[in-house]
Amino acid sequence: MTQESSVLVISDRPEQASLLVQAIDTVVTCRQITAEAGMPAQRPILAVVDISRDETLANAWVARLHGLRIPSLQLALRAVTSRPAPTRFLPADTARKTVLAAVFSLMDAVQAARQGALARASDRLVRFTAQADTANRSVADAFDAARRGEPLSIAAVDAGTEVILEAVSQCGIRTWLEIIGAYDQQLYQHSLSVAGYAAAFGGGLKLPRTDQMRLARAALLHDVGKSRIPLAILNKPGRLTAGEMAVMRTHPAVGANLLEAQGGFDGPMLAVVRHHHEMLDGSGYPDGLSAHEIPDLVRLVTICDIHSALTERRAYRDPLPHQEAHAIMREMGGKLDGDLLRAFHDAVIVPLTRVSVS
Ligand SMILES: [Fe+2]
Ligand SMILES: [Fe+2]
């Protein structure tokens, strides 16, 4: 039995409570603390509040446990008229075997609920993994077609984008990044990551569904020009030389030209592919555009792209933590849109870095 499955008895009647603790401990680890003690660091599966001398203190413990979502059984001096579920109560003088029976039935209920939640979580993970595999195939097919000089299937790209929007809205960006983190093709993983950030960003901004779709689709294909970059440069396990960097920097124009030549991609989409490395202060490439020349859709994808790149592993450096990556982007000054960076923080970084209490 793990400490996670322990029962906590909080009591101001140590002698009586220790008999109860011993009895519970024959089945599951049971710890006893005084009524004045603080909450132990190790979270119990349930708690018994056996505080008979101070009703206010007893109620405070019940409320605290409820706040931490720890089910409790209260041995109350007087009948308790209402308590938040999943709190139960028994009169303080209830026979020990009845208290024990209540503790074990409560524990069974908690464990059954946990197992149900685990099973549901595992079903969801299987579904999200299948969705990520579908999206990965659609990226791989699009990049393979571009590499061979064949037309991309717009329907397949749209289907992949739909899957990403749905998966990210249901499983959240953190789970999405964990799932695609298992893929070994860095370029496809990067595309799925940027598209995932775009989906989370668009959802957080409450953009209309068609705009969310446009944003995620553009993010998915923003680096399609890299399909034409020699693999020796694309997959080089180290920093690029100046010459190699110059070749790498052709990918936005190559990608936009490729999609434009195929036809079927609208102007905003082509702008994202061509201009996602432009900076508001004019220091970006390929065209050195500045502020008003860079549309919002491009600015959004650029933020997702840089954040994704900084938090991805590279052969020559470890991935940066999300907050650190964001701090670096904030320090880029006039290169990125400050309002959108703040919005990205609220919509994407906060949910990503929030500590789960359950
Ligand atoms: Fe790029
Ligand atoms: Fe990129």
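Biologist: Let's begin with helix α4 and α5: at roughly what angle do their axes cross?
Modeller: In this predicted model, helix α4 covers residues 154-180. Its axis comes within 8 Å of the axis of α5, and the two cross at roughly 110 degrees.

Biologist: How is α4 oriented relative to α5: roughly parallel, roughly antiparallel, oblique or roughly perpendicular?
Modeller: Angles of 65 to 115 degrees count as roughly perpendicular. The crossing angle here is roughly 110 degrees, so α4 and α5 are roughly perpendicular.

Biologist: Which residues make the contact, and how many of them are charged?
Modeller: On the α4 side they include Ile-164, Leu-165, Val-168 and Trp-176. On the α5 side, Leu-192, Ala-195, Gly-196 and Tyr-197 are among them. By class, the contact has twelve nonpolar and six polar residues, while the number of charged ones is no residues at all: none.

Biologist: Now to Ala-47: is it buried or exposed?
Modeller: Ala-47 is found in strand β3, which runs over residues 46-50. A residue counts as buried if 20 or more other C-beta atoms lie within 10 Å of its own. Ala-47 has 28 such atoms, so the word for Ala-47 is buried.

Biologist: Which residues does Ala-47 touch, not counting those up to four places away in sequence?
Modeller: Leaving out residues up to four places away in the sequence, the partners of Ala-47 are Leu-8, Ile-10, Leu-65, Ile-70 and Ser-72.

Biologist: And what separates the C-alpha atoms of Ala-47 and Arg-31?
Modeller: Along the chain, Ala-47 and Arg-31 are 16 residues apart.

Biologist: Let's look at Arg-69: is it buried or exposed?
Modeller: Arg-69 lies in the loop between α2 (55-67) and β4 (72-76). Its phi is near 60 degrees, a positive value in a residue other than glycine. Arg-69 has 10, so it is exposed.

Biologist: What is the phi of Lys-206?
Modeller: Lys-206 sits in the loop between α5 (186-204) and α6 (209-221). With 9 C-beta neighbours inside 10 Å, Lys-206 counts as exposed. Although Lys-206 is not a glycine, its phi is positive, at about 55 degrees.

Biologist: Last one: which residue does a cis peptide bond join to Tyr-285?
Modeller: The omega of this cis bond is about 10 degrees.

Terms used. Residues numbered from 1 in each chain as written. Chains lettered and ligands numbered in written order. Predicted model: local features only at pLDDT ≥ 70, side-chain atom pairs only at ≥ 80, totals over all residues. Helix = DSSP H or I, 4+ residues; strand = E, 2+ residues; numbered from the N terminus. Buried ≥ 20, exposed ≤ 12 C-beta atoms within 10 Å, placed from the backbone. Contact = placed C-beta atoms within 7 Å. Axes fitted to C-alpha atoms, helices over the stretch in contact; angles between N-to-C directions. Parallel < 35°, antiparallel > 145°, perpendicular 65-115°, else oblique. Nonpolar A, V, L, I, M, F, W, Y, C, P; charged D, E, K, R; others polar.
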